[in-house]
Amino acid sequence: MRLAGFIHTVYSGYLRQGGGLHNYDIFFYDHEQAQLDKLGQWLKEFKAQGYRSSEMTLLSFRADHLSAASRLDGGFKVRPAWQAGSHTAYASVHAFKGLENKVVILTDVSLTDKGFQRDLFYTGMTRATESVRVLCDKGSQEILYRWFSGKD
């Protein structure tokens, strides 16, 4: 709720139950390969936990052809979210609005203080019904901490 910028209490009937910090993680990368390595690690971890590929979605702040998913190697099979199939789906956050999946990994997160990016980040995070992971450019770390602390 703090991330969305709400300062007043929100009717709790709208909130999902059962979430917690164990369902969330963030990794700040300082170069592209570090992001791809961590993405591969998280995909392997979720598979080991019993999640099917179709229960995971990669959402990017970039267009599909520029996303981390389009550069992922190591034998991971991914597909655009608009295509049917059993592989892990990927899309931009914009394209995935109104949809959800059990696991969402936000990639290519590079933030400025602009309000629309805060809205986009919130939208991406709330597409997950069980677990969310965030791959964020290290240069955005201060902005994200301000959002989470409620100081912005």
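Analyst: A helix here is a DSSP run of H or I covering at least four residues, and the helices are numbered from the N terminus. The model under discussion is predicted. With that term in place, G150 can be located: this residue comes just after α4 and takes a positive phi of about 80°.

User: How many helices and strands are there in the protein, and in what order do the elements run from the N terminus on?

Analyst: The protein has four helices and six strands. Read from the N terminus, the order is β-α-β-α-β-β-β-α-β-α.

User: What share of the residues is buried, and what do the contacts between residues at least 6 apart in sequence show?

Analyst: A residue counts as buried when its relative accessible area is under 20%. Of the 152 residues in the protein, 41% are buried. Of the contacts between residues at least 6 apart in sequence, 78% join residues at least 24 apart. As for the surface, the protein exposes about 8600 Å², and 52% of this area is supplied by carbon and sulfur atoms.

User: Which strands are joined to β2 by bridges?

Analyst: β2 is joined to β5, residues 101-109, by five bridges, and these two strands run parallel. Within that pairing, S60 stands opposite T107. β2 also runs parallel to β4, residues 88-92, with four bridges between them. There, L58 stands opposite Y90.

User: S92 is found in β4. Is S92 buried or exposed, and with which residues is it in contact beyond its neighbours in sequence?

Analyst: S92 has a relative accessible area of 13%, so it is buried. Setting aside neighbours within four places in sequence, its contacts are L59, S60, R62 and D64.

User: How does one read a nonpolar core, and which residues of the largest one touch the most other members?

Analyst: In soluble globular proteins, nonpolar side chains tend to be buried together. In this model the largest nonpolar core has 20 residues, and those touching the most other members are L59, F61, L106, V109, L111, F121 and L144. Two or more residues of this core come from each of β5, α3 (115-125), β6 (128-137) and α4 (141-149). β6 gives the most, with four residues. Apart from this core lies another, of 17 residues, including L39, W42, Y51 and M56.

User: Which residues of α4 are buried, and how are they placed around its axis?

Analyst: The buried residues in α4 are I143, L144 and W147. They span an arc of only 95° around the axis, so they lie on the same side of α4.

Technical notes:
Residues are numbered from 1 along each chain as its sequence is written. This is a predicted model: local features need pLDDT of at least 70, side-chain atom pairs count only at pLDDT 80 or more; totals for chains, interfaces and linings use all residues. Side-chain values use heavy atoms; hydrogens and water are left out. Two strands pair if DSSP finds at least two bridges between them. Buried means under 20% relative accessible area, exposed over 50%, partly exposed in between (1.4 Å probe, protein chains only). Contact means heavy atoms within 4.5 Å. Accessible areas come from the Shrake-Rupley method with a 1.4 Å probe; for residues, only the protein chains shown count as cover. A nonpolar core is a set of buried Ala, Val, Leu, Ile, Met, Phe, Trp, Tyr and Cys residues joined through side-chain atoms within 4.5 Å. The arc is that of the directions from the helix axis to the C-beta atoms.
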